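Biologist: I am new to this structure. Could you show me how to read it?

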Amino acid sequence: MTTTQQVNTGKGTARHAARLPTPDDVRRMLEGVIDPELHASVVELGMVDDVVVDEAGGVRITVALTTAGCPLRAQIKKDVESKVRGLPGVANVEVAYGEMTAEQKSAAMARARFNARENAAATEVPPTTRTLAVASGKGGVGKSSVTVNLAVALAARGFTVGVLDADIWGFSIPRMLGVEGRLGGADGKIHPNVVDVDGHQVKVVSMGFLVDDEETALMWRGLILTRALEQFLTDVRWGPMDYLLIDMPPGTGDVQMGLARLLPQAELLVVTTPARAAQKVAARVADMARRSFMKVVGVVENMSAYVAPDGSEVPIFGSGGGAALAGEIGAPLVASIPIEPEVSEGGDAGRPVAMTHPDGPTGRAFAELARRLAEELMPPVEMAGCTARMLIEAARAKKADAGAATPVAPVAPVTPPAG
Ligand SMILES: Nc1ncnc2c1ncn2[C@@H]1O[C@H](COP(=O)(O)OP(=O)(O)OP(=O)(O)O)[C@@H](O)[C@H]1O
Ligand SMILES: [Mg+2]
């Protein structure tokens, strides 16, 4: 599949060519691993003890658990391994467990307590929600189409899914999902609009629900761009979600960096076309991932070969672009979505093809993408009760005590923009 000798022995080889990460790089990456019960990153909680990177790109990490028998350890280990493997230059990852000292435990508890109290800064996205930013190195490759169809395919598997349209000026999600109407609000929080897929919710938030047309959105440009994403994450009452998909605007920059800061657990799904142009695209994507410390979960090749009614494939836009980009950035090629008129028709009609033609070539490709994410690459967080829960309870009790003595500053009131 890949062209050069360097990469065709697999991703390990491609990564060896990259600079080795430093232990600090590893720690930065681990800021994206959130303890699902303590609602803070494993780094913040002081759970990352030792990080050793050897010359062959092997990384050994010791994770100190709150209690040695913590049932969440398997989840944390999986998350740590998967994040660190996403760093360029990493060949393998070993995770060893330790147990926190009494001192570390009380520091972790203090941290969790602090976070609970200072919740104003945290987002409304539950820490157990798997977050996927759908991005690309250039515009018009099908990010929004992939976002809505993947959302539908995940919901059809029984998951509760959120869709955040982060394309503030060029929003297309409302049209593609066929949702309209202002966002409701209560208690100073914005409520998402909801699309029902076989009884499962897709919760949608977009600038399109707040302004009348794209022209008005453009006028808001300077005013709210930097705040819009933050507001969508912090002021929207998302509620429980297994997955949150974020449709990124074309290009890189502010929005990506903002997302990385606000939701360090977010990972990237990169969409590309089969055209093999794209060295520049690869460099841009790799740079985006590196600067924001976001892991690339995989590459989706969209507008792949057209599948004719007789089953033969016609590669209208060329072929191999997805595999080449995947090899280049050391991430798996997770799906090839055929080009099919039903995709754009469905987009225009507000009825995604994954909903109307689940058994067609594209519908099946989206279902398979959802399956790979849910079963292999980004399985939903398994919440097995952990003794850490006791820490949270203790923290809550303390907080209640402290609250009685020193009143906690109220969360700043928010006015949902319009509507
Ligand atoms: N697999 C496909 N088959 C046929 N048409 C497609 C396919 N994927 C996307 N399209 C069409 O291509 C156009 C661009 O897709 P889309 O809007 O999803 O791209 P985008 O990357 O979100 O664009 P932008 O960068 O402008 O946000 C749309 O008209 C869409 O309907
Ligand atoms: Mg788009």
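Biologist: How do the residues of the shell around ligand 1 divide into nonpolar, polar and charged?

Modeller: Six are nonpolar, 12 polar and three charged. Here Ala, Val, Leu, Ile, Met, Phe, Trp, Tyr, Cys and Pro count as nonpolar, Asp, Glu, Lys and Arg as charged, and the others, Gly among them, as polar. This is a predicted model, where local features need pLDDT of at least 70 and side-chain atom pairs count only at pLDDT 80 or more, while totals for chains, interfaces and linings use all residues. Residues are numbered from 1 along each chain as its sequence is written, and chains are lettered from A and ligands numbered from 1 in the order in which they are written.

Biologist: Which residues come nearest to ligand 1?

Modeller: Gly139, Ser144, Ser145, Val343 and Ser344, of the 21 around ligand 1 (a residue is near if its C-beta atom, placed from the backbone, lies within 6 Å). Helix 6 (143-156), strand 14 (296-304) and helix 12 (341-349) each give two or more residues to this shell. Helices (H or I, at least four residues) and strands (E, at least two) are DSSP runs, numbered from the N terminus.

Biologist: How many helices and strands are there in the protein?

Modeller: The protein has 15 helices and 17 strands.

Biologist: What describes two packed helices?

Modeller: The angle between their axes and the distance between the axes. For helix 3 (residues 23-30) and helix 4 (residues 73-85), the axes come within 9 Å and cross at roughly 125°. Axes are lines fitted to C-alpha atoms, for helices over the stretch in contact, and angles run from 0 to 180 degrees between N-to-C directions.
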